[in-house]
Amino acid sequence: MTSHHVAEEPIKKVAIFGGTHGNELTGVFLVKHWLENGAEIQRTGLEVKPLITNPRAVKKCTRYIDCDLNRVFDLENLGKKISEDLPYEVRRAQEINLLFGPKNSEDSYDVIFDLHNTTSNMGCTLILEDSRNDFLIQMFHYVKTSLAPLPCYVYLIEHPSLKYATTRSIAKYPVGIEVGPQPHGVLRADILNQMRKMIKHALDFIHDFNEGKKFPPCAIEVYKIMEKVDYPRNESGEIAAVIHPSLQDQDWKPLHPGDPVFLTLDGKTILLGGNCTVYPVFVNEAAYYEKKEAFAKTTKLTLNAKSIHSSLH
Amino acid sequence: MCSLPVPREPLRRVAVTGGTHGNEMSGVYLARHWLQAPGDLQRPSFSATPVLANPAAAAACRRYMDRDLNQPSPPDDPYEVTRARELNQLLGPKASGQAFDFILDLHNTTANMGTCLIADSAHNVFAMHLCHHLQLQNPELSCRVFLYQQPGEESYAVHSVAKNGIGLELGPQPQGVLRADIFSRMRALVAAALDFIELFNQGVACPAFEVEAYRIAGTVDFPRTKDGDLAGTVHPRLQDRDFEPLQPGAPIFQMFSGEDVLYEGESTVSPVFINEAAYYEKGIAFIQAEKLTFSVPALPSLTPTPTPVP
């Protein structure tokens, strides 16, 4: 008889990372607050450790010092020989990998929450790296249900070439938490309160799971990355068009072929090509201008998770 | 610049400066666009000169390289001090007869300030008439006038290098982001400002009027820990409420531990620049302004002069 549910090991070690990008302030200040007074994030039977991942960038209130910390947790960078010539963030990634990994080993942390903000109008977003992870699909289902009616979207970055080596990827269960819109370098109370709730519900889920609660099969709607779209540029590589006013702030809303996408500085409208409806995300994110991403196209699909419970019960 | 006489000659040398702060994108992109295609800036009696005020900061998409271009200069030579001297050569020298007649300095803010026209004082008759013109041309925009000069203080703003000038401050826009709506609005305001200067140059007179303006009265910092870090942030009931009256006893900050901090000023003020990213390091959570009404005398027309052949 096929097993209809999955028995998972109980969760023991959880980390909450803030300041992976030093100017995304919600995570920075939540983690700093919890380092002083961590009562809010403790749950019985669980070790929850907050960490500022990029302290030098946090101090300068900048995204990074030498390179993006959230892109260097691949095995090649993690394995490079330590030297003063290595970018600061690569050295820091290796330290974090020693403390909370090593990546792909039995000793790595069970769950890592990595806290981010975006200038895009994405609301509360959970980022998933693996479409077949029943535990995380169940967690995300729990968080979405608990937050309702406040919307919470799931962005799936599983893709052969577009998936990137995140700080949280050293954990067995990596969770990206992204809340916007918030300008970089600004701390908004409403965004802080939303992120705080997301973390509370996620920790409650882990605690309930550890206590033996059985979660029945569930399904969640996710938005899977298809392709990144750059700004139109001139011969010198400068941006020649802006996100069109009809697309600005419309993250997650359907975008159809023929809909306006960009407005040139001369006032001409550029329309979406192709032949399918897409769901745009990270629309006009400040940090992505240099990564040549004006927005990302996603496709909507449903992921199913089997029933899960802790193997200790 | 306190009691500036009204111009008695047409304004011929006008500049529009973008990128005084390199991550305030409307001005950066407008300046770059006009340096390639200055057609928008031409009028029958003058052409405005576009200037990218802080090119290194604009290239790096940062507010500044070493120090804020809009601040007083220290004795050593950071990038901005050198650049300020260059701008002074190009657009000034400050307080001399050769200085440009007028500068429009373009800015963005992360605060919800809508369209804000920044002038030194209500005694600046020409600037007040220009602001009034912008308000009348764009009634749907609720342009507000903000007066920044404290009595006895020199102005360090870029536009103070010229004989006269104002700042255009549009928000909310995150640093490093270029929004189409704000970009178009900034462009239209610059066009309307240049139209006003053209009207003045052609001999139009403007009658006296009453202006409602917000004058800086003080600043309030965030609640901080003993290490100087933030201990809380702008309260949800104050966030985005720039220019709305703030009364004593109203909540202004929410601590990370949950409590509210209430406003302890003696009287109602108008808060502006609420939660501006660039002001965290200056120890400012918001600026307290007083809403005042001033009488502005008529702007007399110039003696008509022929339009010069371009």
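Buried means under 20% relative accessible area, exposed over 50%, and partly exposed in between, with a 1.4 Å probe and protein chains only. The model is predicted: local features need pLDDT of at least 70, side-chain atom pairs count only at pLDDT 80 or more, and totals for chains, interfaces and linings use all residues. Residues are numbered from 1 along each chain as its sequence is written, chains are lettered from A and ligands numbered from 1 in the order in which they are written, and side-chain values use heavy atoms, with hydrogens and water left out.

**View 1. The annotated binding site of chain A.** An unreviewed UniProt entry marks A:H21, A:E24 and A:H116 as "binding site". These residues spread over 96 residues of sequence, yet they cluster in space, with a largest C-alpha distance of 7.4 Å. A:H21, A:E24 and A:H116 also belong to the lining of the largest cavity. UniProt positions follow the numbering used here, feature names are shortened, and annotations may be inferred rather than shown by experiment. A cavity is a set of points, on a 1 Å grid over the protein atoms alone, where a 1.4 Å probe fits but cannot get out; lining residues have an atom within 4 Å of a point.

**View 2. A:H21 in its loop.** A:H21 sits in the loop between β2 (13-18) and α1 (25-36) of chain A. Helices (H or I, at least four residues) and strands (E, at least two) are DSSP runs, numbered from the N terminus. A:H21 counts as buried because its relative accessibility is 4%. Beyond neighbours within four places in sequence, its contacts (heavy atoms within 4.5 Å) are A:T62, A:R63, A:D68, A:N70 and A:H116.

**View 3. A:H116 on strand β4.** A:H116 lies in β4 (residues 111-117) of chain A. Its relative accessibility is 4%, so A:H116 is buried. Its side chain makes a polar contact with the side chain of A:E24, at 3.0 Å. A polar contact is a pair of N or O atoms within 3.5 Å; within protein, one must be able to donate a hydrogen and the other to accept it, and residues adjacent in sequence count only if both atoms are side-chain atoms.

**View 4. B:T233 beside chain A.** B:T233 is part of strand β9 (residues 232-234) of chain B. With a relative accessible area of 1%, B:T233 is buried. A polar atom of its side chain lies 2.7 Å from the backbone oxygen of A:L187. B:T233 also touches A:R188 and A:A189, among others.

Definitions and conventions. On a 1 Å grid over the protein atoms alone, a cavity is a set of points where a 1.4 Å probe fits but cannot get out, and a pocket is an open set with protein on both sides within 12 Å along at least five of seven lines; lining residues have an atom within 4 Å of a point.
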